[in-house]
Amino acid sequence: MLNMDSVYKEYAQTVYRYLMSVCHEPDTAEELTQETFYRAVLGAHKYDYTCKVSTWLCQIAKHLWYQELEKRRKKGTTTLHEELSQSAAPPDEQMLIREEKMTLFRKVHMLEETAKEVVLLRVTGAFSFREIAELFGKNENWARVTYYRARQKLVKGRDEE
């Protein structure tokens, strides 16, 4: 059985950094980190040791983030981060930036799920390849190759436009 106090002390920062990489909102990341560990305590008896504890926790966090996105989609809310980043540039630049972001994220969205997560963790969360590999239960070389191949697909897609 897992000692959840020691699990929290060891992995809270990893889960928080993962959530920050996907949501870019400290308050939301903190809230979801707490909810992740709450769910982990409730489901600790289901943990089967087939993956690293950090991987198990980040999977819980990922599902909580998806639930949060679904709630936001239904409410039609935007985040403070989105509002601030859009208001800094003149309107015509905002539109161009938004279009470029949408194009890039559409291409990222078209990647297979694993490649998409690796790219987002690396680019938005500034996670090291070692940390990404640890999250997936793979080695560092796997993370580097996955990221490189995904980037090549994105570049190739840009050249074809």
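Modeller: Helices (H or I, at least four residues) and strands (E, at least two) are taken as DSSP runs and numbered from the N terminus. On that basis the protein has eight helices and zero strands, and its pattern along the sequence reads α-α-α-α-α-α-α-α. The model is a predicted one, in which local features need pLDDT of at least 70 and side-chain atom pairs count only at pLDDT 80 or more, while totals for chains, interfaces and linings use all residues. Residues are numbered from 1 along each chain as its sequence is written, and side-chain values use heavy atoms, with hydrogens and water left out.

A pair of aromatic rings is described by the distance of the centres and the angle of the planes. Rings of Phe, Tyr and Trp (its six-membered ring) pair if their centres lie within 6.5 Å; planes under 30 degrees apart count as stacked, over 60 as edge-to-face and the rest as tilted. Searching the whole structure gives five aromatic pairs. One of them joins Tyr8 and Phe37 in an edge-to-face arrangement, with 4.8 Å from centre to centre and 75° between the planes. This pair links distant parts of the chain, since Tyr8 belongs to helix 1 (residues 4-23) and Phe37 to helix 2 (residues 26-43), 29 residues apart.

For accessibility, buried means under 20% relative accessible area, exposed over 50%, and partly exposed in between (1.4 Å probe, protein chains only). Tyr8, at 33%, is therefore partly exposed, whereas Phe37 has a relative accessibility of 6% and so counts as buried. In another pair, the ring centres of Tyr47 and Trp56 are 4.8 Å apart and the planes stand at 40°, so this pair is tilted. Tyr47 and Trp56 are both buried, and together with Tyr49 they form one aromatic cluster. In the protein, buried residues make up 35% of the 161 residues.

Charged side chains also meet aromatic rings. A charge sits over a ring if NZ of Lys or CZ of Arg is within 6 Å of the ring centre and within 35 degrees of the ring normal. The charged end of Arg17 is placed over the ring of Phe127, 4.9 Å from the centre of that ring.
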